[in-house]
Amino acid sequence: MPRLAIRYVLVALAAAVIAMMGGLLMMPSHYQLEGLGLGVPYRIWLQVPRYKGFPYEIQSQADVILKRAEGFLSHDGSQVASFNALQSTLPVTVDPWLYQALEAAQRISVLTGGAYDVTTLLVGGVRQPGTYRYLELLSENRIRKTVPELTIEVSSMLRGLAVDQIAYLLTDEGIPDFVIEVGESIRVQGRPAPDRKWRIGVSYPGSKTANLAMRLAVENRSVATRSLYQQAVVDPRTGLPVLGPLASVTVVSNSCMWAEALATALMAMTVNDGLPIATQFPDTEVLFISRGTAGHPWVMTTTPGFAIFVEAIS
């Protein structure tokens, strides 16, 4: 074989090897990160190109995000505790994340007629309805209460807030495919494989078995579930526990914080009242599971667009 031909063959082989190695380096490696945050276990599944190596810094950064969110609980020394103790109507500057949470909470409070309310005002030991109207959101992350005795509590949306922030972190790091799970609040991005979406199981309320009420196939969405069997649900409009047939609400939306807060709000309502309200939220679909009869123990009701996420029903 002439030398020139041999040279071309060697160059072609070298190019093929380089291309193969490049392809291997671009193939995803799968990692699972685990820890504790906001009082519950968290898990993060990642698909990272091999050339990036193990994402050591991701977990430490996720822990920082969860720790920052924990700072919005109403424990001693927190911004929320300080605001609650303030017997004044002067404006207070708060963390931008806390302001963002309060902004979302106020919108949901208005749209649900106070079925969701992160504020509390007691008069004679009795919780007053509609007290979200006494909290003002001002410019530059400042908030103000118009009644000095007003307090706030945003724990019902903090897991969703943390999930959203971790998702922003992963996206900024160039990680296209992931699942974040903090308690019952989940965010999925991308796909686990080109021909398959992420699968999320929805259990029957209170079920301790592997039987699922429904399996969802989702991408680029957040999913949050609220159930009477997770914790007691109180209607902020009455201050009384919710005891109706509605047992759980699952919300699929773009924002996990939004999904978590909306699921909490809808749990305080009846299905007949909550369904028309749920349809008003853009890019949001909802599943209601209610207690039925002995022959049909569970009744499922959904918004019109929820069916596009349903992969299988048992």
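**View 1. The buried residues of helix 7 in the predicted model.** In helix 7 (residues 271-278), the buried residues are V271, G274, I277 and A278. Because these residues cover an arc of only 135 degrees around the axis, they lie on the same side of helix 7. An α-helix has 3.6 residues a turn, so residues three or four places apart point the same way. The partners against which the buried residues of helix 7 pack are helix 4 (96-111), strand 17 (246-253), helix 6 (256-267), strand 18 (285-291) and strand 19 (298-302). The structure shown here and in the other views is a predicted model.

**View 2. Aromatic pairs, including Y204 with W298 and F306 with F309****.** The structure contains three aromatic pairs. In one of them, the ring centres of Y204 and W298 are 6.2 Å apart and the ring planes stand at 20 degrees, so this pair is stacked. The pair joins distant parts of the chain, since Y204 belongs to the loop between strand 12 and strand 13 whereas W298 belongs to strand 19, 94 residues apart. W298 is partly exposed, with a relative accessible area of 25%. The rings of F306 and F309, with their centres 6.3 Å apart and their planes at 75 degrees, form an edge-to-face pair. F306 is buried, at a relative accessible area of 0%, and F309 also counts as buried, at 7% relative accessibility.

**View 3. Strand 12 and its pairing with strand 13****.** Strand 12 (residues 198-203) has a covered face made up of W198, I200 and V202, while R199, G201 and S203 make up its uncovered face. Strand 12 and strand 13 (residues 212-218) run antiparallel and are joined by six bridges. Within this pairing, S203 of the uncovered face stands opposite L212 in strand 13.

View 4. Strand 7 pairs with strand 8 (residues 142-145) in the antiparallel sense over three bridges, and L135 stands opposite K145 in strand 8. K145 also lies over the face of F83, at 4.7 Å from the ring centre.

**View 5. The charged end of R68 over the ring of W97****.** The charged end of R68 sits over the ring of W97, and the distance to the ring centre is 3.6 Å.

View 6. The side chain of S185 makes a polar contact with the side chain of E260, at 3.0 Å. Apart from its neighbours within four places in sequence, S185 is in contact with R159, G160, V163, I180, V223, A224, C256 and E260.

**View 7. T171 in helix 5****.** T171 is found in helix 5 (residues 158-172) and counts as partly exposed, at 45% relative accessibility. The side chain of T171 reaches the backbone oxygen of A167 at 2.9 Å. T171 and Q189 are 18 residues apart in sequence, and the distance between them in space is 9.0 Å, C-alpha to C-alpha.

Notes. Residues numbered from 1 in each chain as written. Predicted model: local features only at pLDDT ≥ 70, side-chain atom pairs only at ≥ 80, totals over all residues. Heavy atoms only, no water. Buried < 20%, exposed > 50% of the residue type's maximum accessible area, 1.4 Å probe, protein only. Helix = DSSP H or I, 4+ residues; strand = E, 2+ residues; numbered from the N terminus. Pairing = 2+ DSSP bridges. Polar contact = N/O pair within 3.5 Å; in protein donor to acceptor, adjacent residues only side chain to side chain. Arc of directions from axis to C-beta. Contact = heavy atoms within 4.5 Å. Phe/Tyr/Trp six-rings, centres within 6.5 Å; stacked < 30°, edge-to-face > 60°. Lys NZ or Arg CZ within 6 Å of the ring centre and 35° of its normal.
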